[in-house]
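These are my notes from one sitting with the model. I wrote down what I looked up, in the order I looked it up.

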Amino acid sequence: MSTKPQQWKSNPEVIAVLEQLGTTEPEDVVGLVQAPDDTVAQQACWLLGQFGNKRYSQVLLQALYSNRSILWMPSAVSLTLLDSKRPTRQLIALLLDPQRASDQRYAAGYALAFTNCALRDPRVAGVFMTVAGDQHAPPNVRGVMAEGLGILFSGQGYQ
């Protein structure tokens with residue numbers, strides 16, 4: 001599921017967004033996740049997923065933990081593209097935190113449910129079952145957990 005290293009260099013859409021942001025280097029994009037302009041920050045999250053470098057998972061995880069709700073889903077989607085096991089523990093913690101917004105918890109659950117690496121973690125199935133069965137959990141969060149269980153038990157992983 002993850003993009004092959006340097007494959008992004010042949011993707012015209014990636015090149016166009018990089019040029020629009022005024023850079024050609026992935027390292028420059030990292031700082032743009034914190035840009036005050038929401039569109040720039042969203043594009044930066046998207047680009048980090050396209051680069052396919054697992055070390056960008058920390059930056060995306062920080063965006064997911066931030067108070068900027070506009071970045072939650074773009075960072076979650078990009079985390080799935082990186083297919084890194086590194087953020088699994090933090091994603092589980094965010095998902096299980098009832099003090100967090102339901103959309104933020106949904107994004108964390110989405111990242112877990114659609115990341116093959118996370119699906120191989122033995123903790124994930126138990127978390128999915130616990131949250132999916134929790135009548136007090138928000139419906140959108142329970143739904144993505146049910147979807148994650150379907151992916152997990154299909155034995156196929158996310159294609």
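**Aromatic rings**

I began with the rings and found that ring pairs link Trp8, Phe51 and Tyr56 into a cluster. For pairing I used rings of Phe, Tyr and Trp (its six-membered ring) with centres within 6.5 Å; planes under 30 degrees apart are stacked, over 60 edge-to-face and the rest tilted. By this rule I get four aromatic pairs. One of them joins tyrosine 110 and phenylalanine 114, a tilted pair with 4.6 Å centre to centre and 35° between the planes. I also looked up burial here, where buried means under 20% relative accessible area, exposed over 50% and partly exposed in between, with a 1.4 Å probe and protein chains only. Tyrosine 110 and phenylalanine 114 are both buried.

**Basis of the values**

The model is predicted, so I note that local features need pLDDT of at least 70, side-chain atom pairs count only at pLDDT 80 or more, and totals for chains, interfaces and linings use all residues. Residues are numbered from 1 along each chain as its sequence is written, and side-chain values use heavy atoms, with hydrogens and water left out.

**Whole chain**

I counted 10 helices and zero strands in the protein; helices (H or I, at least four residues) and strands (E, at least two) are DSSP runs numbered from the N terminus. The radius of gyration is 16 Å, close to the 15 Å of the globule rule for 159 residues, so the protein is as compact as a globular protein of that length. That radius is taken over C-alpha atoms, and the rule is 2.2 Å times the number of residues to the power 0.38. Along the principal axes, the C-alpha atoms fill a box of roughly 45 × 30 × 20 Å. Of the 159 residues, 48% are buried. I then took contacts (heavy atoms within 4.5 Å). Among those between residues at least 6 apart in sequence, 64% join residues at least 24 apart.

**Helices α3 and α5**

How do α3 and α5 pack, and at what angle? Helix α3 (residues 38-51) packs on α5 at about 10°, with the axes 7 Å apart. I fitted the axes as lines to C-alpha atoms over the stretch in contact, with angles running from 0 to 180 degrees between N-to-C directions. The angle makes α3 roughly parallel to α5, a label for angles under 35 degrees. On α3 the contact uses Gln42, Cys45, Trp46, Leu48, Gly49 and Gln50, and on α5 Pro74, Ser75, Ser78, Leu81 and Leu82.

**Single residues**

Serine 75 is buried at a relative accessible area of 0%. Not counting residues up to four places away in sequence, serine 75 touches Cys45, Leu60, Ala63 and Leu64.

Next I checked valine 33, in the loop between α2 (26-32) and α3. Valine 33 is buried too, with a relative accessible area of 0%. Beyond four places in sequence, its contacts are Ala41, Ala44, Cys45, Leu48, Val59, Ala63, Arg68 and Leu71. Valine 33 and alanine 44 lie 11 residues apart in sequence and 5.3 Å apart in space, C-alpha to C-alpha.

Last I looked up aspartate 83, in the loop between α5 and α6 (88-96). Its phi is near 50°, a positive value in a residue other than glycine. Aspartate 83 counts as buried, at 11% relative accessibility.

Note on methods: Parallel < 35°, antiparallel > 145°, perpendicular 65-115°, else oblique.
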